[in-house]
Amino acid sequence: MFGIKRVYEKPDEGDGIRVLVDRLWSRGLKKEEAKIDHWMKDICSSDTLRKWFAHKEEHWQAFKSRYMKELKDKNELL
């Protein structure tokens with residue numbers, strides 16, 4: 001099972017293995033604080049989706065849904 005969480009949200013014990021899926025490391029976030037187990041740049045969201053999201057909190061729910069659809073096309077990388 002996969003869950004999607006913003007890297008800026010505080011890590012939780014229930015997160016399981018944490019994988020960052022972004023081309024660039026997030027600004028202002030220390031790697032130790034993020035507690036990321038793996039960084040997979042190859043399965044990040046498309047440029048179109050990333051630009052649409054534009055880090056707007058009100059787009060987060062729709063972003064998660066659209067990104068899950070994109071992941072289905074990248075299934076061989078998972």
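Analyst: The protein exposes about 6300 Å², of which carbon and sulfur atoms supply 51%; accessible areas come from the Shrake-Rupley method with a 1.4 Å probe, and for residues only the protein chains shown count as cover. This is a predicted model, in which local features need pLDDT of at least 70 and side-chain atom pairs count only at pLDDT 80 or more, while totals for chains, interfaces and linings use all residues. Residues are numbered from 1 along each chain as its sequence is written, and side-chain values use heavy atoms, with hydrogens and water left out.

Of the 78 residues, 22% count as buried, that is, under 20% relative accessible area. The protein has 3 helices and 2 strands, in the order β-α-β-α-α along the sequence; these are DSSP runs, helices being H or I of at least four residues and strands E of at least two, numbered from the N terminus.

The largest nonpolar core has 7 residues: I43, L49, F53, W60, F63, Y67 and L71. Such a core is a set of buried Ala, Val, Leu, Ile, Met, Phe, Trp, Tyr and Cys residues joined through side-chain atoms within 4.5 Å. Both α2 (47-53) and α3 (60-73) supply at least two residues of this core, and the largest share, 4 residues, comes from α3.

Across the protein, residues 24 or more positions apart account for 32% of the contacts with a separation of 6 or more.

Methods: Buried < 20%, exposed > 50% of the residue type's maximum accessible area, 1.4 Å probe, protein only. Contact = heavy atoms within 4.5 Å.
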